[in-house]
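I am opening this notebook to record what I looked up, taking a pocket to begin with and a helix after it.

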Amino acid sequence: MSSQPLLEVRGLQTWFPIRRGLLQRITGHVKAVDGVDFALGKGETLGLVGESGCGKTTVGRSILRLIEPTGGEILFEGRDVRRMGGEELRLLRRRMQIIFQDPGGSLNPRMRVGRIVGEPLEVHGIAKGDALRDMVEKLLERCGLWKAAADRYPHEFSGGQRQRIGIARALALNPSLIVCDEPTSALDVSIQSQILNLLKELQAEFGLSYLFISHDMAVIHHICDRVAVMYDGKIVEAGTRDEIIRSPKHPYTQRLLAAVPEADPRRPRRALALADGARM
């Protein structure tokens, strides 16, 4: 893993206006992300963890500019993503991809799988015709599907298989960074482990960097090298996976860990000295 960060985020802010009245005047802002800083190395997995509504998904989408940030810097290989536009931004998006949370909702139900996976290759002028078909089939096979899957529609697959299609689509342009937005939360536990293992295999094979967004500390522990804990639009604690899991310092991190189910009912649960009304 290189010491030079692939991605640096400095003071990231993403605010949404609150509009009221007949004229829809702005009366305030929802500060979904309010001053987030972190760095992600090449070949590294950084887990961004927190409860629903803490702003972690907004961070991921702001980095890719699927949502326009309000302030801060997003540096990808030293270049400011927020200053890019037009062709420069289009080329950058070949290097930065996303795997969405809902594998069904993220796939166009009217398109065959071959077109879904191959569309990025066509849009960026990488392949067409037989060469495109060959690349799509290889991507599907590498993600644990079969060649003939290219001729079928998304509704003909299980949730885990649909997520494999989403992963194949994200891999199509040979990216350096993939934002994984809760890619296993909609899947059964047995399928979750298969998808996580696939992601780890692909990372080792292609040298990928992951920003892995999740509310599940058990999943974060399985796949991440470092962890950043988000609460109310800010990162309240960050460190290596073992530092965060074994000796959390912030009360909110302690609460997240205490909520993880214990597989062995005979094993005592992690003691939690916080009262329910404890201040975060």
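I began with the lining of the second largest pocket, whose residues divide into eight nonpolar, two polar and three charged; here Ala, Val, Leu, Ile, Met, Phe, Trp, Tyr, Cys and Pro count as nonpolar, Asp, Glu, Lys and Arg as charged, and the others, Gly among them, as polar. Before going further I noted that this is a predicted model, in which local features need pLDDT of at least 70, side-chain atom pairs count only at pLDDT 80 or more, and totals for chains, interfaces and linings use all residues. Residues are numbered from 1 along each chain as its sequence is written, and side-chain values use heavy atoms, with hydrogens and water left out.

I then looked up which of the 13 lining residues lie nearest the centre of this pocket, and found L66, R93, M96, Q97 and I98. Strand β6 gives the most to the lining, with three residues.

I listed Q192, I195, L196, L198, L199, L202 and Q203 as its buried residues, buried meaning under 20% relative accessible area with a 1.4 Å probe and protein chains only. Seen down the axis of α6, these buried residues fall within an arc of 160° (taken from the directions from the helix axis to the C-beta atoms), so they line one face of the helix. Last, I noted that α6 is followed by G207, whose phi is positive, near 70°.

Definitions and conventions:
Buried means under 20% relative accessible area, exposed over 50%, partly exposed in between (1.4 Å probe, protein chains only). Helices (H or I, at least four residues) and strands (E, at least two) are DSSP runs, numbered from the N terminus. On a 1 Å grid over the protein atoms alone, a cavity is a set of points where a 1.4 Å probe fits but cannot get out, and a pocket is an open set with protein on both sides within 12 Å along at least five of seven lines; lining residues have an atom within 4 Å of a point.
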